[in-house]
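Take a look at the model shown below.

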Amino acid sequence: MTTLTIKPSGKTVDIVPGTNLLKAILDAGETLLSKCGGKASCGACHLFLVEGRKGASKMTPEENAKLDTIVGVGSKSRLACQITLLGTEPVTVELLGALSG
């Protein structure tokens with residue numbers, strides 16, 4: 001198991017390694033939009049990976065290309081639908097603005 005902390009709610013949940021981050025967030029009862037079914041084409045699940053980068057899968061070229069089109073992207077920006085939680089360290093994410101609960 002690995003620990004996922006979701007900000008701004010502060011909710012902490014235990015996650016099985018190999019779980020998709022978007023699924024983990026939704027299963028935790030949080031709200032995060034996804035319009036493309038996890039294909040990295042809408043960008044609605046944009047969030048900040050605050051801590052635990054080594055606990056998350058590496059960015060794909062498709063994810064990187066989509067992030068290049070989104071306003072407000074920073075060095076911690078990721079798409080939840082593209083992240084697999086690896087279980088190597090705890091992960092903290094921050095849900096952003098109107099797209100989150």
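C36 is buried, with a relative accessibility of 11%. Here, buried means under 20% relative accessible area, exposed means over 50%, and partly exposed lies in between (1.4 Å probe, protein chains only). This is a predicted model: local features need pLDDT of at least 70, side-chain atom pairs count only at pLDDT 80 or more, and totals for chains, interfaces and linings use all residues. Residues are numbered from 1 along each chain as its sequence is written, and side-chain values use heavy atoms, with hydrogens and water left out.

How many disulfides are there by the rule used here? A disulfide is a pair of cysteine sulfur atoms within 2.5 Å. The count comes to zero. C36 is in no disulfide, and the nearest cysteine sulfur, that of C42, is 3.7 Å away. Now turn to C81. Its sulfur is 3.7 Å from the closest cysteine sulfur, in C45, and that is too far for a bond. C81 is buried as well, at 7% relative accessibility.

Step back to the whole chain. It has two helices and five strands. Helices (H or I, at least four residues) and strands (E, at least two) are DSSP runs, numbered from the N terminus. Read along the sequence, they follow the pattern β-β-α-β-α-β-β. The radius of gyration is 12 Å, close to the 13 Å that the globule rule gives for 101 residues, so the chain is as compact as a globular protein of that length. That radius is taken over C-alpha atoms, and the globule rule is 2.2 Å times the number of residues to the power 0.38. Along its principal axes, the C-alpha trace spans about 35 × 25 × 25 Å.

How much of the chain is buried? Of its 101 residues, 42% count as buried. The chain exposes about 5200 Å², and carbon and sulfur atoms supply 54% of that area. Accessible areas come from the Shrake-Rupley method with a 1.4 Å probe; for residues, only the protein chains shown count as cover. Next, consider contacts, meaning heavy atoms within 4.5 Å. Among contacts with a separation of 6 or more, 65% are between residues 24 or more positions apart.

Now go inside. In soluble globular proteins, nonpolar side chains tend to be buried together.

Charges come next. Side chains of opposite charge can pair when their charged atoms come close. A salt bridge is a side-chain nitrogen of Lys or Arg within 4 Å of a carboxyl oxygen of Asp or Glu. By this rule there are three salt bridges.

Start with E30 and K11, whose side chains meet at 3.9 Å, N to O. E30 lies in the loop between α1 and β3, and K11 lies in strand β2 (residues 11-15), so the pair ties together parts that are 19 residues apart in sequence. E30 is buried, at 12% relative accessibility. K11 is partly exposed, at 31%.

Another salt bridge joins D27 and K23, at 2.5 Å, N to O. These two are four residues apart in helix α1, so they are separated by about one helical turn. D27 is exposed, at 56% relative accessibility, while K23 is partly exposed, at 47%.

E63 pairs with R78, their closest N and O atoms being 2.7 Å apart. This pair links distant parts of the chain: E63 is in helix α2 (residues 61-67) and R78 is in strand β4, 15 residues apart. Both are buried.

E63 also leads us to Q82. Leaving aside residues up to four places away in sequence, Q82 touches N20, G38, K39, A40, S57, T60 and E63. Where does Q82 sit? It is in the loop between β4 (77-79) and β5 (91-95). Q82 is buried, with a relative accessible area of 16%.

End at G74, in the loop between α2 and β4. G74 is partly exposed, at 32% relative accessibility. The C-alpha atoms of G74 and F48 are separated by 7.9 Å, although these residues are 26 apart along the chain.
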